[in-house]
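Hi there,

Here is the structure I promised to pass on. Have a look at it first, and my notes follow below.

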Amino acid sequence: MDALAVLKQKIARDGPMSIHNFMAFCLMDKDYGYYQKKPVFGTEGDFVTAPEISQMFGEMIAIWLVQCWDAAGRPDDFILLELGPGLGTLMSDILRATKSLKPFQAGARIILLERSDQLKEKQKSALNDADITWISKLSDLPKKPLFFVANEFFDALPIYQYQKIDTHWFERVIDLKDGALVFSTRYTPHIAIDQRLTFDKIDGDIVEVSPSALSIAQELSQHISQHSGAGVIIDYGNWGSLGDTLQAVQKHKVVDPLKEPGQADLTAHVDFHALSRNVSCDHSKMVPQGVFLEHLGITERAKHLAQNLEGAALATHIAAHKRLTHPEEMGRLFKALAFYSKDMTPPIGFSHDP
Ligand code: SAH
């Protein structure tokens with residue numbers, strides 16, 4: 001049986017399925033989940049992420065993490081955590097970029113939060129020399145200062161969708177009609193939906209809520225409040241929930257999420273306002289990725305690297321810089337948000353002043 005047949009069987013047996021459970025199944029089911037099976041990243045796969053576009057992305061994150069570690073008093077035993085590390089490229093670039101900073105490397109306990117066994121293997125080979133611990137839940141973190149990065153992790157966490165119809169809130173679900181999967185709605189009289197999300201909504205509007213994203217943000221911030229540290233979340237998203245943002249991508253194209261479940265990447269835009277509302281440590285403003293990377297010096301770095309390049313390699317390098325920073329490419333769609341301890345100076349990269 002394929003994932004589609006399994007989903008049809010489940011819905012025929014149990015009734016309509018929440019988008020949350022559909023997303024969790026399609027992405028992370030041990031037998032059918034997208035991240036468990038396919039070579040998902042890169043030109044051969046379905047999508048390309050910032051660390052795969054250029055080493056400069058990881059170098060800028062390394063500068064950011066080191067600056068935070070410095071501002072936190074250079075702890076000599078701390079957690080360097082990445083959530084959802086994919087192929088391990090970002091962490092590998094961070095470790096390479098900080099190689100000569102001995103106190104940072106010596107003090108770092110490298111921890112990766114990952115659920116996909118297939119990707120853990122990839123991460124192991126990308127980070128061959130490093131001493132790494134994998135965890136599947138944040139409560140397994142040691143009680144030490146925490147410095148974290150999460151790139152395109154929160155957008156993979158399952159969401160619920162609710163729609164306002166005739167002044168009532170309905171849950172959007174996936175049902176079976178004439179043997180095919182279809183979107184539908186179900187009335188649930190007591191939906192526990194945050195009023196701050198709904199007060200300005202009119203008939204037909206959809207809001208999205210990701211309980212796992214909220215609880216992960218809360219756990220990260222609680223850890224930072226108790227043990228100090230900082231972290232940055234980078235993802236595509238907005239300040240608030242902008243309606244239906246569930247999206248399936250396959251071979252670099254947007255596809256119908258119900259057509260080949262388990263075979264396409266499924267994401268939803270991250271609601272940065274909801275993430276920041278939840279935190280007990282301090283948080284930055286949300287800034288566009290392009291602004292964040294510019295503040296960290298990506299253009300100077302790009303110029304420096306360009307000196308040793310020519311021809312096609314130079315053209316690829318220039319295109320990569322543009323792709324990461326330009327407002328028409330990833331520069332504006334992607335956003336960054338930082339968490340940091342209350343006793344720390346605010347991290348670099350988040351002021352709107354140049
Ligand atoms: N950060 C990487 C990969 C992004 S894809 C990059 O920028 O290239 C999303 C990653 O999050 C994958 O590694 C996926 O396996 C992981 N992931 C998704 N949901 C997860 C969950 N609930 N718990 C742990 N890891 C998860």
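This is a predicted model: local features need pLDDT of at least 70, side-chain atom pairs count only at pLDDT 80 or more; totals for chains, interfaces and linings use all residues.

**The ligand site**

On that basis there are 19 residues around the ligand, and those that come nearest are T49, G84, G86, E114 and N151. Three of these residues have backbone atoms worth a look on your screen. In G84, a polar backbone atom is 2.7 Å from a nitrogen atom of the ligand. N151 places a backbone N or O atom 2.7 Å from a nitrogen atom of the ligand.

**Helix packing**

Two packed helices are described by the angle between their axes and the distance between the axes, so you will find both for each pair.

On the α1 side the contact is made by A3, V6, L7 and K10, and on the α2 side by F22, F25 and C26. By class, this contact has six nonpolar residues, one charged and no polar.

Next come helix α5 (residues 55-71) and helix α6 (residues 89-97), whose axes come within 8 Å and cross at roughly 60°. That makes α5 oblique to α6. Here, too, there is a right-handed crossing as α5 passes α6. From α5, the residues Q55, F57, G58, E59, I61, A62 and L65 meet L90, D93, I94, R96 and A97 of α6. This contact divides into seven nonpolar, two polar and three charged residues.

What about helix α13 (residues 298-306) and helix α14 (residues 311-325): how do their axes cross? They come within 10 Å and cross at roughly 175°, so α13 and α14 are roughly antiparallel to each other. I298, T299, A302, L305 and A306 in α13 meet L314, H317, H321, L324 and T325 in α14. Sorted by class, the contact of α13 with α14 has six nonpolar and four polar residues, with no charged ones.

Happy to go through any of this together.

Best wishes

Definitions and conventions
Residues are numbered from 1 along each chain as its sequence is written. Side-chain values use heavy atoms; hydrogens and water are left out. Axes are lines fitted to C-alpha atoms, for helices over the stretch in contact, and angles run from 0 to 180 degrees between N-to-C directions. Helices (H or I, at least four residues) and strands (E, at least two) are DSSP runs, numbered from the N terminus. Angles under 35 degrees count as roughly parallel, over 145 as roughly antiparallel, 65 to 115 as roughly perpendicular and the rest as oblique. A crossing is left-handed if the near helix is turned anticlockwise from the far one by less than a right angle, and right-handed if clockwise. Contact means heavy atoms within 4.5 Å. Ala, Val, Leu, Ile, Met, Phe, Trp, Tyr, Cys and Pro count as nonpolar, Asp, Glu, Lys and Arg as charged, and the others, Gly among them, as polar. A residue is near a molecule or strand if one of its heavy atoms lies within 4 Å of it. A polar contact is a pair of N or O atoms within 3.5 Å; within protein, one must be able to donate a hydrogen and the other to accept it, and residues adjacent in sequence count only if both atoms are side-chain atoms.
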